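Colleague: Could you take me through this one? I'd like to start with the charged pairs and then move on to a helix.
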Amino acid sequence: MTALAPVPARPAARRALLRLHRPALLVWTAFVVLTVGELLYVHFSAAPRDRACFSTPGAVCTYFVFTDTNNVVNFLGEVLSYTPCAVAAWAGAALIGRELESGTAKLAWTQSVSPARWLTAKLTAAAVPLLTGGAVLAVAFGRVWGADQDVLVTNWTWDRVFIPRGPLLPALALFALAAGAYAALALRRVLPALTAGLGVTLLVRLYLRELWKPLRDVLPGFWALQSAAAGVLVVLAGVVFAGAYAVLRRQAG
């Protein structure tokens, strides 16, 4: 009687996956913590300082460039709005592309896990912290901007405010993950996948404004536009994910 080979336990596989991508998880966690910390500095220190100065007759309010409230908020808004581009590059290179280029993925498919389950585990392990961190950043940025806009020279229609202030930020990160994964599966090389995923996500980021411009007359107000734009991106991400699985089936079949 032939003994069946033991099937690797799923918890062990998950732990191995987390160990493999621990550096990326630590970098993402540090980025979220530091950004939230800087936003808290704005809310509890910089904005009250400006408010007190503006309310003092004859006061001259001048600050160092790196501590000016507007500079800090504008910089954080720009960084957050382009962060998904880094997600796409990482997904195309380190998350998916590296294992396809080295042949590690094919070895895993033949020995321990199906191609679809392999990809699902990869995407899930990346999507959960990305969406969680993205939501935290969006809430923090939105709360600080909403509470302190009286001392900010900015407008909610600007990209650096509109994108990171609500669900559009995690939605864009989800699309970036999908774009990077699709590029890696289609190209199977690290550098081309990194470039393609980054390029597509950058184009989407740069032309996001064209997405919600036609909606402004139909859906007035920030939250209506945010929800519509985020919904479109989530649907688009779903289409790209479906395309990635289709490419995987053709390659593994």
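Modeller: A salt bridge here is a side-chain nitrogen of Lys or Arg within 4 Å of a carboxyl oxygen of Asp or Glu. Please keep in mind that this is a predicted model.

Colleague: How many salt bridges does a search of the whole structure find?

Modeller: The search finds eight salt bridges. One of them joins the side chains of Arg160 and Glu78, with N to O at 3.5 Å. Because Arg160 lies in helix α6 and Glu78 in helix α3, this pair ties together parts that are 82 residues apart in sequence.

Colleague: And which residue forms a salt bridge with Glu101?

Modeller: That is Arg189, and the closest N and O atoms of the two are 2.9 Å apart. Glu101 lies in helix α3 whereas Arg189 sits in the loop between α7 and α8, so the pair ties together parts 88 residues apart in sequence.

Colleague: What about Asp159 and Arg205, buried or exposed?

Modeller: Both Asp159 and Arg205 are buried, and they form a salt bridge whose closest N and O atoms are 3.3 Å apart. Separately, salt bridges that share partners join Arg51, Asp148 and Asp150 into one network.

Colleague: Changing topic to α2: where does it bend?

Modeller: The bend is at Val42 and amounts to about 40°.

Colleague: Which helices do the buried residues of α2 pack against?

Modeller: They pack against α3 and α5, and the buried residues of α2 include Trp28, Leu39, Asp50 and also Val42, the residue at which the helix bends.

Methods: Residues numbered from 1 in each chain as written. Predicted model: local features only at pLDDT ≥ 70, side-chain atom pairs only at ≥ 80, totals over all residues. Heavy atoms only, no water. Bend = angle between axes of the 7 residues up to and from the residue. Helix = DSSP H or I, 4+ residues; strand = E, 2+ residues; numbered from the N terminus. Buried < 20%, exposed > 50% of the residue type's maximum accessible area, 1.4 Å probe, protein only. Contact = heavy atoms within 4.5 Å.
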